[in-house]
Amino acid sequence: MTDQEYRWLLPSAMADPDLPGDRGGGRRRRTARDWIVDIAAFLFAAGIGLLAADTAANVGNPDVVVFLDQLAGAAACCALWVRRRWPVGLAVALVVVSTMAPVAGGAMIVALFSLTVHRPFKTVAVVASASLAGALVQAALRPDPTTSFRASAIASLVIVLLVVGWGMFVRSRRQLVVSLRERARRAETEADLRAEQAQRLAREAIAREMHDVLAHRLTLLSVHAGALEFRPDAPPAEVARAAGVIRDSAHEALQDLRDVIGVLRAPAPVDGSGDDNRPQPTLATLDALVAESREAGMKVTLDHRIDRPAAVPAATGRNAYRIAQEGLTNARKHAPGAEVTVTVTGAPGDGLTIEVRNPAPGREVPAVPGSGQGLIGLTERATLAGGRFEHGFTPGGGFRVSAWLPWAP
């Protein structure tokens, strides 16, 4: 059921929660439940008034007094239709009227109950004390011959306590429902925020993966295309080799891009079984990365001191691979022709250390476009993995990137 379907079952104060609360001046439209309750309250007050009028007529009161009592009782019952709008003023007025006219006693009880439901206890306590005092004054001024003053006082006290207690129970139940509704709304809002944050983090992770995957390929394309541009007189064999590298790198970059976009488009399964489609290099594929760089013309020395690369945790190996890939990419861009050394050391419990070092270039290097976010991304990657990342120039003018990643025993 939706809110509109069960709205008629709720009081107007709960069916329209967006309107001002108990102290507000917002006017609420009665629901079907309000009409039923108001009619029942009117009939209850009228029934109590008829009983009081019959008692007043049988004890020998003058006809004028009986008529005025009936007129005051009828007015009090009709005034109950505005009890939701002015609960305090109506309750105070009916306390005064019921003190002189017992026929208005039923209306006063209904007004006191409505006041207890819609107003804080401090206000209710004052009005309830006034109504009890009024009942004692009425018992003294217009006593019932069949009931003693003491019995009337006790009965008035019990009635007032019952009405106030019942009203407080209803008020607490309504406040509980409103608080639960507000808590549910906050929970929905927080869930939406968490979902939005998760989507943002996923987009950032995909963007980082795209940078790591494509930067290596595109830099290779840029370097070889620049070589062809600056050496138009190169031997045909060298031109053919560079063109082949460009073609192969372009195909591989497109394939990597398709893989990443496929992950972006495909819905992520709950059990994580779809992770196999994402490009997931490990430390065992580091040899292939170095071989690819050598085929592209780089001088790379690999010092791999891990006996069993497959034993390295997948996440640690993937991060190490990305760090080496970015280091080789930077070396190719900023120090072409220089010999690059890649060192991998570590053991379970001691962590995994990977270092990419290159000397200063032997000649002036033309500017190669780049995003400028590679080292920042590596720092973030190592930090998120619980490790450390360092980079900077060496004393001879070269450059060094080094990372330590945790490797659980």
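Strand S4 (residues 388-393) pairs with S5 (residues 399-405) in the antiparallel sense, over six bridges. Strands, like helices, are DSSP runs numbered from the N terminus; a strand (E) needs at least two residues and a helix (H or I) at least four. Two strands pair if DSSP finds at least two bridges between them. Within this pair, His391 stands opposite Val401 of S5. S4 and S5 form a hairpin with five residues between them. In its turn, Gly397 has a positive phi of about 95 degrees.

This is a predicted model: local features need pLDDT of at least 70, side-chain atom pairs count only at pLDDT 80 or more, and totals for chains, interfaces and linings use all residues. Residues are numbered from 1 along each chain as its sequence is written, and side-chain values use heavy atoms, with hydrogens and water left out.

## S5 and its other partner

S5 also pairs with strand S3 (residues 351-358). The two run antiparallel and are joined by seven bridges. Ile354 has Ala403 of S5 as its bridge partner.

How enclosed is strand S5? Five of its seven residues are buried, so S5 is largely enclosed by the rest of the structure. Buried means under 20% relative accessible area, exposed means over 50%, and partly exposed lies in between (1.4 Å probe, protein chains only).

S3 is mostly covered, with six of its eight residues buried. Strand S2 (residues 339-347) runs antiparallel to S3, and seven bridges join them. Thr341 has Arg357 in S3 as its bridge partner. S2 and S3 form a hairpin with three residues between the strands. Gly349 in this hairpin takes a positive phi near 95 degrees.

## Glu355

Glu355 is found in strand S3. It is buried, with a relative accessible area of 18%. Its side chain makes a polar contact with the side chain of Arg400 at 2.7 Å. Another polar contact links the side chains of Glu355 and Arg357 at 3.4 Å. A polar contact is a pair of N or O atoms within 3.5 Å; within protein, one must be able to donate a hydrogen and the other to accept it, and residues adjacent in sequence count only if both atoms are side-chain atoms.

Leaving out residues up to four places away in sequence, Glu355 touches Thr341, Val342, Thr343, Arg400, Val401 and Ser402. Contact means heavy atoms within 4.5 Å. Glu355 and Phe389 are 34 residues apart in sequence, and their C-alpha atoms are 9.9 Å apart.

Ser131 is found in helix H7 (residues 121-141). It is buried, at 4% relative accessible area. Its side chain reaches the backbone oxygen of Ala128 at 2.6 Å. Beyond its neighbours within four places in sequence, Ser131 is in contact with Val95, Met108, Leu112 and Val160.

Val245 is found in helix H9 (residues 236-265). It counts as buried, at 13% relative accessibility. Its C-alpha lies 9.8 Å from that of Ala225, which is 20 residues away along the chain. Helix H11 (residues 314-334) has 21 residues. It reaches 30 Å from its first C-alpha to its last, close to the 30 Å expected at 1.5 Å a residue. The expected span is 1.5 Å times one less than the number of residues. Of the 21 residues of H11, 17 are buried.

## The largest pocket

The largest pocket has a volume of about 860 Å³. Its lining holds 34 residues. Ala52, Pro102, Gln138, Ser152 and Ser156 lie nearest its centre. Which helix gives the largest share of the lining? H8 does, with seven residues. Helices H3 (32-58), H5 (87-100), H6 (105-118), H7 and H8 (149-230) each supply at least two lining residues.

A pocket is an open set of points on a 1 Å grid over the protein atoms alone, where a 1.4 Å probe fits, with protein on both sides within 12 Å along at least five of seven lines; lining residues have an atom within 4 Å of a point. The volume is the space filled by probe spheres set on the points, which are joined across faces, edges and corners.

## The whole chain

The protein has 12 helices and five strands. Of its 409 residues, 35% count as buried. Among contacts with a separation of 6 or more, 69% join residues 24 or more positions apart.
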